[in-house]
Amino acid sequence: MTDRLAQLSEAGVSIWLDDLSRERLESGNLAGLVRDKHVVGVTTNPTIFANALSKGAAYDAQVNDLAARGADLDGTVRELTTTDVRNAADLFRDVYNATNGVDGRVSIEVDPRLAKDTEKTVAEAKDLWKTVDRPNVMIKIPATEEGLPAITAVLAEGISVNVTLIFSVERYEAVIKAFFAGLEQAKANGHDLKGIHSVASFFVSRVDSEVDKRLNTIGTDEAKALLGEAAIANARLAYSAFEKLFATDQWKALAEAGANAQRPLWASTGVKDPAYSDTRYVDQLVVKDVVNTMPEKTMDSVADHAEITGDTVSGKGEQAQAIFDKLSAAGIDVPDVFATLETEGVEKFEKSWQELLDTVTGQLNKARG
């Protein structure tokens, strides 16, 4: 029987689960995925936590305890989410040790309401790092314009960072430069660069969703011929940028000082259009030194029927650029696509965070009678 997830891992792709809940931890589900599905990390976001806390009774005992102690809403949310992340980090500690800190990572996001506030993002990231208190946690910071200097400042403190909500190659290049600057400052601050790790989360499926919507509105044969082409091309261009910037003298000097490369991470890999293969954002983006973070449904599809044929990314930069040239010629305003996606991404996480707050408010009120 073909173990497709093993093939993916052997091709240099680290498989992370895009989900976390108390139920997964307590039932042994997450440990089983590590054991049987080659899962070597976990990512969380406000939507994942909102879903986890709205279902079942796994959090009731801790909510009741926090309510009895008079915890406020924000403090309760912080305790609930960081407890899950801490416990997951402990579960992945052996993976972390075995991979010298490359994998075995668990990511937790700063409050999305701070996405446009550099200073508060830095303060929140430092507080989360201290609260979780595990070396294999990564703090997620959005790649907004205000997030870029926060990424540099947090890395400069020796904190590992998962940069999230990256949609365009242009913004991704700015993220890499912010990463370089953060490591240079960390070195100047006396931190051991070997202990700092980072990934850059490049969102995939949402690009097709937005571009396809616009192509269908344009409606020409030229436009319709490009349906489903944008997201994979965009990710392949991102990998070309990764290869280019991590071959510069600036990076070589950091690497000589012990720095670890910031790996690209393919995020938003669940297929949203049923007309497309449900494994396309995995098997079409296979290349060494990347992470693919998948919902469990996507992971199951990959295990069942993905075609893992080796590297499907390297050397495809020119072909990918040609697709974007055609998209522009067909009438797609590519910069506007990426600006729209970033705005919507922040708004979606803010909405999820509010849902999380509303859920916990209800749970606290119930606990207090």
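Let me start with N234, which is in contact with F167, V169, F202, V207, F324 and F338, leaving out residues up to four places away in sequence. Contact here means heavy atoms within 4.5 Å. Before going on, a word on the model. It is predicted, so local features need a pLDDT of at least 70 and side-chain atom pairs count only at pLDDT 80 or more, while totals for chains, interfaces and linings use all residues. Residues are numbered from 1 along each chain as its sequence is written, and side-chain values use heavy atoms, with hydrogens and water left out.

Back to N234. This residue sits in helix α13, which covers residues 230–245. Helices (H or I, at least four residues) and strands (E, at least two) are DSSP runs, numbered from the N terminus. Is N234 buried or exposed? N234 counts as buried because its relative accessibility is 2%. The cut-offs are under 20% relative accessible area for buried and over 50% for exposed, with partly exposed in between, using a 1.4 Å probe and protein chains only. One of the residues that N234 touches is F167, and a polar atom of the N234 side chain is 2.7 Å from the backbone oxygen of F167. That is a polar contact, meaning a pair of N or O atoms within 3.5 Å; within protein, one must be able to donate a hydrogen and the other to accept it, and residues adjacent in sequence count only if both atoms are side-chain atoms.

Next, K140. The UniProt record, an unreviewed entry, lists K140 under "active site". UniProt positions are in the numbering used here, feature names are shortened, and annotations may be inferred rather than shown by experiment. In the model, K140 is part of strand β4, residues 137–142. K140 is buried, because its relative accessibility is 5%. Apart from residues up to four places away in sequence, K140 touches T43, T44 and N45, then S107, I108, E109 and V110, and also N162 and T164.

Now a helix pair. How do α6 and α18 lie relative to each other? The axes of α6, residues 73–91, and α18, residues 334–367, come within 10 Å and cross at roughly 105°. The two helices are therefore roughly perpendicular. On α6, the contact involves L73, D74, T76, V77 and L80, and on α18 it involves W353, L356, L357, V360, T361 and L364. Sorted by class, that makes 8 nonpolar, 2 polar and 1 charged residues. For the classes, Ala, Val, Leu, Ile, Met, Phe, Trp, Tyr, Cys and Pro count as nonpolar, Asp, Glu, Lys and Arg as charged, and the others, Gly among them, as polar. Axes are lines fitted to C-alpha atoms, for helices over the stretch in contact, and angles run from 0 to 180 degrees between N-to-C directions. Under 35 degrees is roughly parallel, over 145 roughly antiparallel, 65 to 115 roughly perpendicular, and the rest oblique.

L357 of α18 is buried, at a relative accessible area of 4%. From L357 to A50 is 307 residues along the sequence, but 8.2 Å in space between C-alpha atoms. L66 belongs to helix α5, residues 60–68, and is buried at 3% relative accessibility. Beyond four places in sequence, L66 contacts A71, T76, E79 and L80.

N100 is in the loop between α7 (93–98) and β3 (105–109), and D133 is in the loop between α8 (118–132) and β4. N100 is not a glycine, yet has a positive phi of about 55°; D133, also not a glycine, has a positive phi of about 55°. N100 is exposed at 68% relative accessibility, and D133 is exposed at 55%. P295 lies in the loop between β8 (290–294) and α16 (296–305) and is partly exposed at 26%. Residues up to four places away aside, P295 touches L17, D18, T269 and G270. Its C-alpha is 10.0 Å from that of L20, 275 residues away in sequence.
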